[in-house]
Amino acid sequence: MTNEPIIQAQGLTKRFTVKKKTVEAVTDLTFEVARGELVAFLGPNGAGKSTSLRMLTTLIPPSSGTARVVGYDILRRPGDVRARIGYVGQLTSGSFAQRARDELLSQGAFYGMSKAASRIRADELIDSLDLASFASRSVQQLSGGQKRRLDVALGLMHAPPLIFLDEPSTGLDPQSRANLWQHILDLRAQHGTTVFLTTHYLEEADRYAERVMVMDKGRVIADDTATRLKANLAGDLLTLGFASPIDADQAIGVVQGLTDREVRRDGVASITLTAPEGDALLPSAVRALDAAGITVARATGVPPTLDDVFLALTGRTLREAGEGDETDDKTTTENQEQDAGPQASAQAEASVTTGAER
Amino acid sequence: MTAESTHTRPDTAVRANVARDTWSVLIRELKPVVRDPFTLIFSLVQPLVFLGLFAPLLIGSSGQPVGETLQWFVPGVLVMIVLFGTGATGSNLQYEMMTGSHERTLVAPLSRPSLLVGRALKEIAPIVVQALIIVLIAWPFGFTINVPGLVIGLALLAVFGVGLGSLSYTLALKTKDREWLFWGVQQTLIFPLLILSGMLLPLDAAPAWMRAVSTVNPVNWVVQAERALFAGELGDITVLWGWIAALALAVLGLWAGVRAMRKSS
C-alpha cells in the first residue's frame with residue numbers, strides 16, 4: 001500500500017464538444033506521483049491543467065483512459081477516491097451565504113466526522129491558518145486572501161493524505177501568497193501530505209514545487225525537478241562586455257573554444273551565449289580571455305527561469321501561450337485570467353496589495 | 001499549529017450514505033436561516049403586499065364580508081409563498097455553482113441524491129414559518145383557523161414546496177451559469193401557473209379554454225385543497241386531488257433533480 005504511487009494516471013484524455021467542434025483538452029496523460037511528493041502542473045491558461053485535475057478528483061469522467069488515486073479507480077470507485085482526497089478549486093469553496101466556521105463544521109459532517117471531532121479540527125485549522133478574526137463572518141464579507149485561506153482549511157478539514165490545489169494563489173497579493181505557501185509547506189512537513197497543484201506562475205512552481213510537469217495544449221511536455229529542467233532545457237545566459245568592438249570580435253573565437261553552444265555578438269562591444277553550468281563557464285571564459293590578452297570589462301550570468309524552459313520546449317513564452325488558447329472546460333473562469341501572464345498579474349497584485357486585508 | 005502536530009489522523013474512509021448525507025446537507029442549508037432569521041421576513045413582503053393591497057380590492061368587488069373573502073383568499077396566498085419563494089430557490093444553488101462552493105460539495109464523499117434532497121427538504125422550514133405568520137396576520141381580520149386543517153394544509157404545502165423547489169434546483173443545474181436563462185424560464189412559467197390556479201381571482205368567469213388548462217395545473221389543485229382544508233372540510237374530494245397533485249410534483253421534481261445532480265460537475 002505505502003509503496004503504491006498515490007496517483008497513477010493512464011492515458012487520461014478529455015474531449016469537449018464546443019459548437020459542434022470536438023476539442024481535445026487533455027491528451028493521453030500518463031504519470032505517477034509517489035506519496036509525499038509536491039508536484040506542480042505548470043502551463044498557460046487553457047493548457048488542460050484544470051481539466052486534468054477535475055478528472056483526477058472525479059468531477060468529470062475522462063473520455064478515455066483512467067487513473068488510480070489513493071488506491072482507487074476514479075471511474076469505478078469515485079466515492080472511495082473522494083473520501084481520501086482534499087480539493088481546493090479555482091473559485092471559492094465556501095458558500096457566500098454561510099459563515100466561515102459553519103462551513104468548516106459542515107465540511108466535517110460531509111466527511112463523516114463526529115460533531116466533537118469537527119469542532120476540534122475546525123479550531124485547529126482556524127488557529128493554524130489564522131482564520132480566527134473572521135471565523136464568524138459570512139464568506140461574502142471576506143477579502144480575497146481570507147477566502148483563499150478558508151478554502152485551504154476546507155480542503156484540509158478531514159486531514160486527507162493527498163490534496164489538490166487548482167491555482168491556489170491566483171489573485172492573491174505577494175504577501176498573502178507567501179503566507180499561503182508557508183501553510184502548505186508546514187502541512188507537508190508535519191503530515192507528509194502529498195500536494196498536487198496547478199499554477200501559471202512560474203516563480204511559484206520554481207520556488208516551491210519539487211517536481212514540475214510542464215503542460216501545453218493538453219499534453220505534458222516535460223516532467224522533472226525545476227533545477228534539472230532549467231539545466232537541461234535552458235541554461236544560463238552569459239554576457240561579456242569589452243572596451244572595443246574589435247576585442248569583442250576576437251573574444252568570440254576564444255570563448256567558442258570552451259563550449260559547443262553558439263557564441264554571438266550582442267550590442268556594440270559585447271558577446272553572449274546560453275549554456276548549461278554557466279556559473280562554471282563564466283570564470284573560465286574570463287581567465288581564457290585574460291590569457292589571450294583580451295580584457296573583460298563586464299561579465300554577467302543570468303540563471304534560467306522556467307519561462308526559458310517553456311520557450312525552449314514550445315517556442316513561445318508562457319505569457320504568449322496564455323493568450324488565445326482556451327481549450328479548458330472552465331472557459332468562463334479561465335477567460336478572466338486570459339491576459340494575466342506573470343507580468344500582468346504582478347501588476348494586478350501590486351494594485352490590490354493595499355486593499356487586500358480590509 | 002502546535003495542536004495540529006500532535007494529531008496524526010487516520011485517513012477518513014467514509015462511505016456515502018443517503019440518509020446521513022441528506023441530513024448533513026439539510027443542516028448546512030438551514031444554518032444561514034437560523035443565523036439570520038430576518039431573511040424569512042423580507043421574503044414575506046410580496047405575499048403581504050397581496051394581502052394588504054389586493055385583498056381589499058377583492059372584498060370591495062365581491063361584496064362579500066371580510067372574513068368570508070379572506071377565507072377564500074388566504075389559502076391562495078400561502079400557495080403563493082411557495083410559488084414565489086421556493087420557486088426561486090434554484091438561484092441560490094446557481095450562485096453557489098458560479099462562486100465555487102457547489103463544486104466543493106461534489107468532490108465531497110456525499111451521495112449525489114442527498115445533495116438535491118437535503119436542499120429540497122430545507123425549503124419546508126421557510127414555508128412553514130412564513131405560512132404561520134400569514135395565518136396569524138389574517139386571523140384578527142376574521143380569518144378562521146381549523147387546527148387539523150391547518151396542520152394537514154401545512155404538510156400539503158411542504159410536499160408541494162419540496163416538488164417545486166426540486167424543479168427550481170433542476171432548472172439551476174441545467175442552466176448552469178446562464179442566470180438570464182434561469183430567470184427567463186422561471187418568470188415565463190410562474191405567472192401562467194399563478195393566474196391559472198385561481199389564486200387571485202376565481203376562474204368561474206374565465207373562458208372555457210382557460211378553465212380547461214387550469215384543470216391540468218397542479219397549483220390549482222393545491223390551492224383548492226388548501227381552501228377546503230382551512231374551511232375544515234377535511235374529507236372534501238379536492239383535498240385528495242391536491243395531495244395527488246403535490247405528491248406527483250414532488251416525485252417528478254426529485255426524480256429530475258437527482259438526475260441533474262448526478263450529471264453536475
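Among contacts in chain B between residues at least 6 apart in sequence, what percentage join residues at least 24 apart? The answer is 79%, where contact means heavy atoms within 4.5 Å. Keep that in mind as we walk through the model.

Before you click, note that this is a predicted model, in which local features need pLDDT of at least 70, side-chain atom pairs count only at pLDDT 80 or more, and totals for chains, interfaces and linings use all residues. Residues are numbered from 1 along each chain as its sequence is written, chains are lettered from A and ligands numbered from 1 in the order in which they are written, and side-chain values use heavy atoms, leaving out hydrogens and water.

**Stop 1: chain B**

You will find 14 helices and zero strands; here helices (H or I, at least four residues) and strands (E, at least two) are DSSP runs, numbered from the N terminus. The C-alpha trace of chain B spans about 75 × 40 × 35 Å along its principal axes. Now colour chain B by burial: of its 265 residues, 52% are buried. Buried means under 20% relative accessible area, exposed over 50%, and partly exposed in between (1.4 Å probe, protein chains only).

**Stop 2: where the chains meet**

Next, bring chain A into view. Here 36 residues of chain B are in contact with 48 residues of chain A. The two chains bury about 3800 Å² between them, 51% of it on carbon and sulfur atoms; this buried area is the accessible area (1.4 Å probe) that two parts lose on being put together, summed over both.

How many salt bridges does the rule find across the interface of chain B and chain A? It finds five, each being a side-chain nitrogen of Lys or Arg within 4 Å of a carboxyl oxygen of Asp or Glu. To see a salt bridge, show the side chains of Arg104(B) and Glu103(A), which meet at 2.7 Å, N to O.

Now highlight helix 1 (2-5), helix 2 (18-35), helix 6 (90-99) and helix 7 (101-107) of chain B, the elements that give two or more residues to the side touching chain A. Helix 2 of chain B provides the largest share of that side, seven residues.

**Stop 3: Ser95(A)**

Select Ser95(A), in the loop between strand 6 (85-88) and helix 3 (100-110) of chain A. Is Ser95(A) buried or exposed? Ser95(A) counts as buried because its relative accessibility is 1%. Leaving out residues up to four places away in sequence, Ser95(A) touches Glu103(A) and Val139(A) in chain A, plus Arg28(B), Glu96(B), Ser101(B) and Arg104(B).

**Stop 4: helix 3 of chain A**

Move along to helix 3 of chain A. Nine of its eleven residues are buried, so this helix is largely enclosed by the rest of the structure. Among the buried ones are Glu103(A), Leu104(A) and Phe110(A). Their cover includes helix 4 and helix 5 (144-156) of chain A, along with helix 2 and helix 7 of chain B. Just after helix 3 of chain A, look for Gly112(A), which takes a positive phi of about 75°.

**Stop 5: Ile126(A)**

Finish in helix 4 (residues 115-128) of chain A, at Ile126(A). With 9% relative accessibility, Ile126(A) counts as buried. Beyond its neighbours within four places in sequence, Ile126(A) is in contact with Arg101(A), Leu104(A), Leu131(A), Ala132(A) and Ala135(A). Try the distance tool on Ile126(A) and Arg101(A): they are 25 residues apart along the chain, and their C-alpha atoms are separated by 8.1 Å.
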